[in-house]
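Me: I would like a close look at one part of this model, namely the place where the two chains meet. Please take it step by step in one connected answer.

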Amino acid sequence: MGSIAALYEREIVKWFRQKIQLVFVVIIPLMWMGLFGKSLNFSMLFRIPYVPGIEPMRAQIQHLIEEYIVKRYFGTYDYFSFFVVGMLSVFILFTTMWSGMSIVFDRRLGYLNRFLVAPIPRYSIVVSKILSSVTRSLIQSSALLVIALALGLSLRAGVGPLEILVLYTIITALAISFSSIFTAAAIRITSHDLVISIANLVNLPLMFTSNAIFPTQQMPEYLQIIARLNPITHANNINRYFLLGVGDPESLTGSAVYMILFTVASLAIAMILSRKIE
Amino acid sequence: MLWVVEVEDLYKVYPGDIRALNGVSFRVSRGEIYSILGPNGAGKTTTMKIIATLLKPTSGSVRVSGIDVASNPSSVRRIIGYVPQDLSADDELTGFENVVLQARLYGLSKGDAARKAKELLEMVGLGDAANRLVRSYSGGMRRRLELAMGLVNDPELLILDEPTLGLDVQSRLALWDYIYRLKREGNLTILMTTHYMDEADRLSDRVAIIDRGRIVIEGPPNNLKSRIGGDIIMIKISSVSGDIAGKIASVEGVLGVDLVEGNLRIKVRSAEQAMAKLLGVLGSINGQIEGISITKPTLDQVFIEYTGRMFRDEEPGDFRRQMMVWRRRR
């Protein structure tokens, strides 16, 4: 335990020492929310412009379109909020997918040898990397949450500490899973280029094969299966229900069970592979 | 336990049939400084990594204080300090933070680790630089920091892999001083590798010369050098008359006298002992003595003798002169 704490402190001290990192923590969500989030404004797409002749019925048609298209499809009239809650999970992926990098660099720069000759269990090296990656991704997603609130994220009425606790439990579980997988993948990798390739390979596909940007019901059958295996889908399912009141309450148990199994399995894989570190 | 390190018949074959070690065996006793000397690629670092539990040998065994490295690596890790050839301190942390981290990995509490770090940093002369980022350290400071990091667990065995690689002469001498002090003050056993002949000669109780994965000869540096024969005294003299050589040859300890380009080349068992007697003989001759030089046999010559090859000299040109200045100062 002492060795995990010592190694974890090293990671965190180094991260906070790079002041520019903290600037990026703020800039990245600003870019995504301000540019991407606001440009994908589906609510606006379904707004009927002035059409001569239908003017008396315009408000009624508008209401029907929003009710039967936007609301039925996204579960809310407010696409921006739908998008933001999805991105809370995606940002966990975007941050943790680099967690293998630090093991690769520790090896390249010779630091790893110091840890390997010390009388510490091998898993403490891997666990400290996972914990620091979890910490950083939670900070990143928290920054996103605050910025999105300022940019117009509207949570459902009655969201209190309990709902926020659910949110953090879910994204922490997601962060542990992804950090474990990406750290474990890097245990025997010696080239940082390969880590970059892996991250680039998975980031967009994992985002698009989930319900982060679009709901999954319009996807072809095979994509829906993939989406159901993607833990981001289940995280969003739970988070959207508690924060936005969107979704089917009956699906929550399934999603929660899947999240627990996925997290335990990922962590177990990382712990087993940590013996291979050299 | 008499032997701190027992290495028996170590082989290491890397993929592609690259034979790094070809049956290395040696023993190091308690309190000894034992150097493994050899050119780059001879197998020094491979041997150190196997002893430090970082690498598994293809065959052969290593015991540290009687504990088998292969079957009980974590017990071995507890009693060794390892200073790798590549710099291993985190340059984004301060020197103090690096040593504290290292100490905590050996089970010290935060408070104890901080005390230990302070003490070690003072010892290697980094007390004032303790709170600076390692990035700002000079090469010599970084090597001293590495040394401090290798001592956090008060090891029985300190393994130094090329401890002065890439250092300038002053920094090298300073580091030698610290290593020497460690040996004097403690019961520490030091196993080090180097490809600097002078380093092995100056610091070690015993030297093993390794070439192509085999130890070709081993022994105290002076023993190795004496196998070369003896010291050489060259005397430049204005006029050489016939019987000088005969007179010199009869002096005790003189092994032979030659005339080389007008100089007397005298091979003696020991230059220090022979010189006093030679001066008496030289005072009685007619010629004017214009210069005397003494050449000690070096480990370079031992290396050449036992490998049949020249040892590539990678020292800065003025190194030997610096060495002499330093020796005089001590």
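Which residue of chain A forms a salt bridge with Glu146(B), and how far apart are the closest N and O atoms?

Reply: The model is a predicted one, and in it the partner of Glu146(B) in the salt bridge is Arg114(A), with 2.7 Å between the closest N and O atoms. This pair belongs to an interface for which the count is seven salt bridges between chain B and chain A, while 13 residue pairs, both members at pLDDT 80 or more, are in polar contact across the two chains. On the side of chain B that touches chain A, the elements giving two or more residues are α2 (73-79), β6 (80-83), α3 (95-105) and α5 (139-149) of chain B, and of these α3(B) gives the most, with five residues. Sorted by class, that side of chain B has 13 nonpolar, six polar and ten charged residues.

As for the extent of the interface, 29 residues from chain B and 23 residues from chain A take part in the contact, and the area buried between the two chains is about 2200 Å², of which 54% comes from carbon and sulfur atoms. Within chain B, the residues that lose the most area to chain A are Arg77(B), Arg104(B) and Leu105(B), which together account for 28% of what that side buries.

Conventions. Residues numbered from 1 in each chain as written. Chains lettered and ligands numbered in written order. Predicted model: local features only at pLDDT ≥ 70, side-chain atom pairs only at ≥ 80, totals over all residues. Heavy atoms only, no water. Contact = heavy atoms within 4.5 Å. Buried area = accessible area lost by both parts, 1.4 Å probe. Salt bridge = Lys/Arg side-chain N within 4 Å of Asp/Glu carboxyl O. Polar contact = N/O pair within 3.5 Å; in protein donor to acceptor, adjacent residues only side chain to side chain. Helix = DSSP H or I, 4+ residues; strand = E, 2+ residues; numbered from the N terminus. Nonpolar A, V, L, I, M, F, W, Y, C, P; charged D, E, K, R; others polar.
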